[in-house]
Amino acid sequence: MEPPSPHAATDIIIEDARWRAAVRNAERTIWRALAAVARQGGPDFSSGPAPSILLSSDRVVKRLNARFRNRNKPTNVLTFTAVAPGHGGDIILGFETVAREAHAAGRSMRAHLSHLVMHGALHLDGHDHHHPGEARAMESLESKALRSLGFGDPWKNGGARQ
């Protein structure tokens, strides 16, 4: 499958086969999410090193979260900033947590994967959500990008059903 420009340099590894069953054409979903967030003012990886994205399991995410963040539990998405020039960082997602969250919110796996890829990309770009102002700015970028792809706003009631 030929990736759409400008995110062809993004390495996508689907380590857990359940991702393929849950999100048809997951690579295209990821490329579209990265392009959408770039159009809204998020990171544009076409002008610099692109991230690697790993679609894995909660077991892998838990192990990484414990080792590098001192949190011995899985989470939906982990991001790691670049460790060398020419590397755009890493975005790692755990299948079980993402599936559970999508189901609880009444969202499709495609919509939730898109959201979390955008979220990870924004973290790699220096965005954070530890303070209310930062959180609002990050959520606004995510919401606009998701709406541009036809998904609802994940931060509002009624936006979950996409």
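Reader: How far apart are the end C-alpha atoms of helix H6 (residues 132-148)?

Author: This is a predicted model, where local features need pLDDT of at least 70, side-chain atom pairs count only at pLDDT 80 or more, and totals for chains, interfaces and linings use all residues. Residues are numbered from 1 along each chain as its sequence is written, and side-chain values use heavy atoms, without hydrogens and water. Helices are DSSP runs of H or I with at least four residues, strands runs of E with at least two, numbered from the N terminus. The expected span is 1.5 Å times one less than the number of residues, so the 17 residues of H6 should span 24 Å, and the end C-alpha atoms agree, being apart by 24 Å.

Reader: Which helices do the buried residues of H6 pack against?

Author: Buried means under 20% relative accessible area, exposed over 50%, and partly exposed in between (1.4 Å probe, protein chains only). In H6 the buried residues include Ala-135, Met-138 and Leu-141. With contact taken as heavy atoms within 4.5 Å, the buried residues of H6 pack against helix H2 (26-39) and helix H5 (109-124).

Reader: Is Phe-80 buried or exposed?

Author: Rings of Phe, Tyr and Trp (its six-membered ring) pair if their centres lie within 6.5 Å; planes under 30 degrees apart are stacked, over 60 edge-to-face, the rest tilted. The structure holds two aromatic pairs. The ring centres of Phe-68 and Phe-80 are 5.4 Å apart with planes at 75°, so this pair is edge-to-face. Phe-68 has a relative accessible area of 47% and is partly exposed, whereas Phe-80, at 15% relative accessibility, counts as buried.
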